[in-house]
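Here is a short briefing to read alongside the picture. Please take a look at the sequence and the fold before going on, and keep both open as you read.

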Amino acid sequence: MTAGLSAHHQRLAQRKREAITTAATRLFLERGYDGTSLAKIAQEAVVSKSTLFKQFPTKAALFEAIVTEYWKGGPDPAAPATQPGDLRAGLSAIGRQYADLIGRPAMAALFRIVIAELPRFPELGRAQFELGKLPYFISVQHYLEAQHAAGTAVVPDAESATNQFLGMIANYVLWPRMLLADWSPAPADVGHAVDEAVTTMLARYGRSTADPQHS
């Protein structure tokens with residue numbers, strides 16, 4: 001019985017947490033970060049102020065939680081499915097995971113909040129970078145380093161290679177959405193963009209026994 005109640009309370013707390021972060025994101029977009037109070041967020045999320053303050057004592061803590069949750073919303077690029085081995089398969093899996101992650105409306109909303117408020121609240125950009133983008137970037141970089149170490153790819157500069165790969169995908173999936181409200185490419189078009197990015201990476205970093213540069 002105790003375990004059942006505990007699980008129920010955990011699910012209830014998680015639902016309230018999701019309601020809070022959803023309401024906060026919407027209000028940050030509508031009113032700006034500075035123009036949104038925790039009290040208003042609690043009202044919109046239909047939770048008590050004490051419930052909100054218990055989970056998020058400050059507005060900065062709430063924003064950081066939003067960043068962390070949004071960037072962890074996709075599969076882990078370092079999961080077993082993308083361990084060293086088949087470079088094409090690994091990059092394809094990572095590319096599709098990344099496209100799904102940054103293609104969500106919530107991710108675009110997060111970037112809009114940061115960009116709009118950056119001049120007055122540079123800490124928002126720092127949180128977005130250090131808690132969201134950087135950990136994801138490093139996980140992909142580690143994957144490429146592992147491919148290089150395993151001899152399945154030639155990636156002497158995994159940091160640059162990660163920039164290239166993720167940048168090719170984001171340039172099609174995310175950045176047009178920041179300027180074009182109706183940007184919503186079809187899944188097949190997103191898949192094609194990922195496939196092209198993978199092909200480019202293989203041409204640059206794939207190991208070929210026929211190529212002296214990769215021997």
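Leaving aside residues up to four places away in sequence, Ala65 touches Arg17 and Phe56. Ala65 belongs to helix H4, and its relative accessibility of 8% is under the 20% limit, so Ala65 counts as buried. Please keep in mind that this is a predicted model.

**The overall fold**
- The protein has ten helices and zero strands.
- Of its 215 residues, 41% count as buried.
- Among contacts with a separation of 6 or more, 69% are between residues 24 or more positions apart.

**The nonpolar core**
- The largest nonpolar core is made of 59 residues.
- Which residues have the most contacts inside this core? They are Ile41, Phe63, Trp71, Phe165 and Ile169.
- Two or more core residues come from each of these elements: helix H1 (2–31), helix H2 (38–45), helix H4 (59–71), helix H5 (87–102), helix H6 (105–117), helix H7 (122–150), H8 and H10.
- Domain 1 (1–57) and domain 2 (59–205) each supply at least three residues to this core.
- Take Ile41 as an example: not counting residues up to four places away in sequence, Ile41 touches Ile20, Ala23, Ala24, Leu27, Phe28, Thr36, Leu52 and Leu62.

**Aromatic rings**
- You can find nine aromatic pairs in the structure.
- In one of them, the ring centres of Tyr172 and Trp183 are 5.5 Å apart and the planes meet at 75°, so this pair is edge-to-face.
- This pair links distant parts of the chain, with Tyr172 in helix H8 (residues 158–173) and Trp183 in the loop between helix H9 (175–179) and helix H10 (187–205), eleven residues apart.
- Are the two partners buried, exposed or partly exposed? Tyr172 is partly exposed, with a relative accessible area of 25%, and Trp183 is partly exposed as well, with 24%.
- One aromatic cluster is formed by Trp71, Tyr98, Phe111, Tyr136 and Trp175. Trp71 was also named above for its contacts inside the core.
- A ring can also have a charge over it: the charged end of Lys59 sits over the ring of Tyr33, 4.8 Å from the ring's centre.

**The annotated region**
- An unreviewed UniProt entry carries the annotation "DNA-binding region" for residues 37–56.
- In the model, this span is 75% helix and 0% strand.
- How far apart are the end C-alpha atoms of residues 37–56? The answer is 12 Å.

- Most residues other than glycine have a negative phi.
- Val46 is not a glycine, yet its phi is positive, at about 60°.
- You will find Val46 in the loop between H2 and helix H3 (49–55).
- With 72% relative accessibility, over the 50% limit, Val46 counts as exposed.

**Far in sequence, and their distance in space**
- Ala65 and Leu131 are 66 residues apart in sequence, while their C-alpha atoms are 9.0 Å apart in space.
- Gly90 sits in helix H5 and is buried, with a relative accessible area of 2%.
- Gly90 and Leu144 are 54 residues apart along the chain, and the distance from C-alpha to C-alpha is 9.6 Å.
- Glu145 lies in helix H7 and is partly exposed, with a relative accessible area of 35%.
- What is the C-alpha to C-alpha distance between Glu145 and Asp157? The two are 8.4 Å apart in space, and twelve residues apart in sequence.

Definitions and conventions
Residues numbered from 1 in each chain as written. Predicted model: local features only at pLDDT ≥ 70, side-chain atom pairs only at ≥ 80, totals over all residues. Heavy atoms only, no water. UniProt positions renumbered as here; feature names shortened; annotations may be inferred. Helix = DSSP H or I, 4+ residues; strand = E, 2+ residues; numbered from the N terminus. Phe/Tyr/Trp six-rings, centres within 6.5 Å; stacked < 30°, edge-to-face > 60°. Buried < 20%, exposed > 50% of the residue type's maximum accessible area, 1.4 Å probe, protein only. Lys NZ or Arg CZ within 6 Å of the ring centre and 35° of its normal. Core = buried A, V, L, I, M, F, W, Y, C linked by side-chain atoms within 4.5 Å. Domains from an automatic or database assignment. Contact = heavy atoms within 4.5 Å.
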